[in-house]
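Please look over the protein shown below before reading on. The report after it goes from the whole chain to single residues.

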Amino acid sequence: MLREAMSAAPGRPRIHPELSLGRGGQSQWLGLLLLLLSLLGITCTEVPAPQMPEPVPALQALSRKESFLILSLHNRLRSQVQPPAANMQRMDWSESLAQAAQARAALCGTSVTPDLVSAPQHIPQVGWNVQLLPVGSASFVEVVNLWFAEGLQYRHGDAECAHNATCTHYTQLVWATSSQLGCGRHLCSVDQAAMEAFVCVYSPGGNWDVNGKTIAPYKKGPWCSLCTASVSGCFKAWDHAGGLCEVPRNPCRVSCRNHGHLNISTCHCHCPPGYTGRYCQVRCSVQCVHGRFREEECSCICDVGYGGAQCATKVHFPFHTCDLRIDGDCFMVSSEADTYYGAKMKCQGKGGVLAQIESQKVQDILAFYLGRLETTNEVTDSDFETRNFWIGLTYKAAKDSFRWTTGEHRSFTSFAFGQPDNQGFGNCVEMQASAAFNWNDQRCKTRNRYICQFAKKHISLWEPGP
């Protein structure tokens, strides 16, 4: 051993001595070993063999092929929803979400949610689909199809599931703004029965509710007609019935609807007869019953108290104090119109601020609620000019960025396609009805309705006590 250690010194060829199996050779090697041990101060004692821990069952992670099949199936099903979805996003696979799904599957159906990451801001709010079935009773593809089949019990117009039925797997699977997916599975033993846990994680999550009722998972309309600025392309595959909003694949970031032709040099859509709008998305055959026609947009501007595409619907607006509660905060939607700064002062006078939307959850709920107001609420104020709503976001030229009225930098955005486009002129931000209440920068002197937000600590100042 000493000779071998010496032979390994730098610059010297390594020599491999042969171990002699004779009695003399054994005595020689044993003597050298005892000499080394004595030099190192080590005594020869009898050490029991270490106890090896029991092996932990390995997680049955999905293969790359299985992940691709599950992702493709999700996108195919999302493009087949009925009624058609105007804002359904194409999903991409996320390895971090897949790891979270694998960890949740290993819990074998318990209600505990694994800690995704140490930094909560790294992964936004997520949604879960979990299924526990006997081993061999269904593949992962069949499980996803079972989730989608729940849609047969779902009424999109009412945003409700049939009585005594479950639709939450379906609504999460087809939640329009969920764009990241990760799935995992695990073999389990539950009450001595062999089971298999199937889990998918969706980000951003869905199944948000308003006053105890889950909102609709997507906006009804022609495929890709309400994509946001960040996903303004339209993904259409040979096996997809509809279209999914995605990061655009053409330099113009424009997708023309209704067989319109895109001029790449000008980035304008040339529309067929009977259609107009930037994307040929508007059928130009409108008769305004209670309003005036805007030829440049082929749309109606309704008289006060009327709504709908043809201004034929009498609307009613609520006058109670708190219209929505989201995560403990109260949101109040005004019935009158005002300039941005007038709206800001009125919210402050009530002890609140103009709404500060900092997550997809809040955006989804407010957009759903405002969409319902278009056909169910009455505006009685004579100053009413638009169907849009001020929120507390303005462009600060000195800082070259949009900031909330509280001074915070925006970390979440939901600008409509092509927006913001008037920085320096349209310094204030509105939720725009014609873009499914995604955001648009507008001149601050425009008279809009507005949304006030009251934090938990503010509500006690104006809400009546018990």
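**Basis**

This is a predicted model, in which local features need pLDDT of at least 70 and side-chain atom pairs count only at pLDDT 80 or more, while totals for chains, interfaces and linings use all residues. Residues are numbered from 1 along each chain as its sequence is written, and side-chain values use heavy atoms, with hydrogens and water left out.

**Overall make-up**

The protein has nine helices and 26 strands. Both are DSSP runs numbered from the N terminus: helices are H or I with at least four residues, and strands are E with at least two. Of the 466 residues in the protein, 44% are buried. Buried means under 20% relative accessible area, exposed means over 50%, and partly exposed is in between (1.4 Å probe, protein chains only).

The accessible surface comes to about 25,400 Å², and carbon and sulfur atoms hold 54% of that surface. Such areas come from the Shrake-Rupley method with a 1.4 Å probe; for residues, only the protein chains shown count as cover. Among contacts in the protein with a separation of 6 or more, 64% are between residues 24 or more positions apart. A contact means heavy atoms within 4.5 Å.

**Disulfides**

The structure holds ten disulfides. A disulfide is a pair of cysteine sulfur atoms within 2.5 Å.

| Pair | S to S distance |
|---|---|
| C108 and C188 | 2.2 Å |
| C183 and C200 | 2.1 Å |
| C227 and C245 | 1.9 Å |

The link of C108 and C188 is left-handed, with -90° about the S-S bond. This pair links distant parts of the chain, 80 residues apart: C108 is in the loop between α4 (95–105) and β2 (127–134), and C188 is in strand β5 (residues 180–190). C188 counts as buried because its relative accessibility is 7%.

Which hand does the disulfide of C183 and C200 have? The torsion about its S-S bond is about 105°, so the disulfide of C183 and C200 is right-handed. C183 in strand β5 and C200 in strand β6 are 17 residues apart, and the pair links distant parts of the chain. C183 is buried, with a relative accessible area of 2%, and C200 is buried at 0% relative accessibility.

The link of C227 and C245 is left-handed, with -85° about the S-S bond.

Most residues other than glycine have a negative phi, and most peptide bonds are trans. A cis peptide bond joins Q82 and P83, with omega of about 0°. P83 is in the loop between α3 and β1 (92–93). Another cis peptide bond, with omega of about -10°, joins S203 and P204. P204 is in the loop between β6 (193–203) and β7 (209–210).

The loop between β6 and β7 also holds N207. The phi of N207 is positive, near 60°, and N207 is not glycine. N207 is partly exposed, with a relative accessible area of 24%. N258 has a positive phi too, near 50°. N258 lies in the loop between β10 (244–246) and β11 (261–263). Is N258 buried or partly exposed? N258 counts as partly exposed because its relative accessibility is 30%.

E196 is in strand β6. E196 counts as buried because its relative accessibility is 11%. Leaving out residues up to four places away in sequence, E196 touches a set of residues including Q131, L132, R185 and H186.

Q356 is in the loop between β21 (353–354) and α8 (360–376). Q356 is buried, with a relative accessible area of 10%. A polar contact of 3.5 Å joins the side chains of Q356 and E358. A polar contact is a pair of N or O atoms within 3.5 Å; within protein, one must be able to donate a hydrogen and the other to accept it, and residues adjacent in sequence count only if both atoms are side-chain atoms. Apart from neighbours within four places in sequence, Q356 is in contact with W404, T406, E408 and Q453.

**A surface patch**

F68, L69 and V141 make a nonpolar surface patch of about 270 Å². Patches are made of residues with over 30% relative accessible area and no salt bridge; like charges are joined within 9 Å, and nonpolar side chains (Val, Leu, Ile, Met, Phe, Trp, Tyr) within 5 Å. A salt bridge is a side-chain nitrogen of Lys or Arg within 4 Å of a carboxyl oxygen of Asp or Glu. L69 is in helix α3 (residues 64–78), and L69 is partly exposed at 41% relative accessibility.
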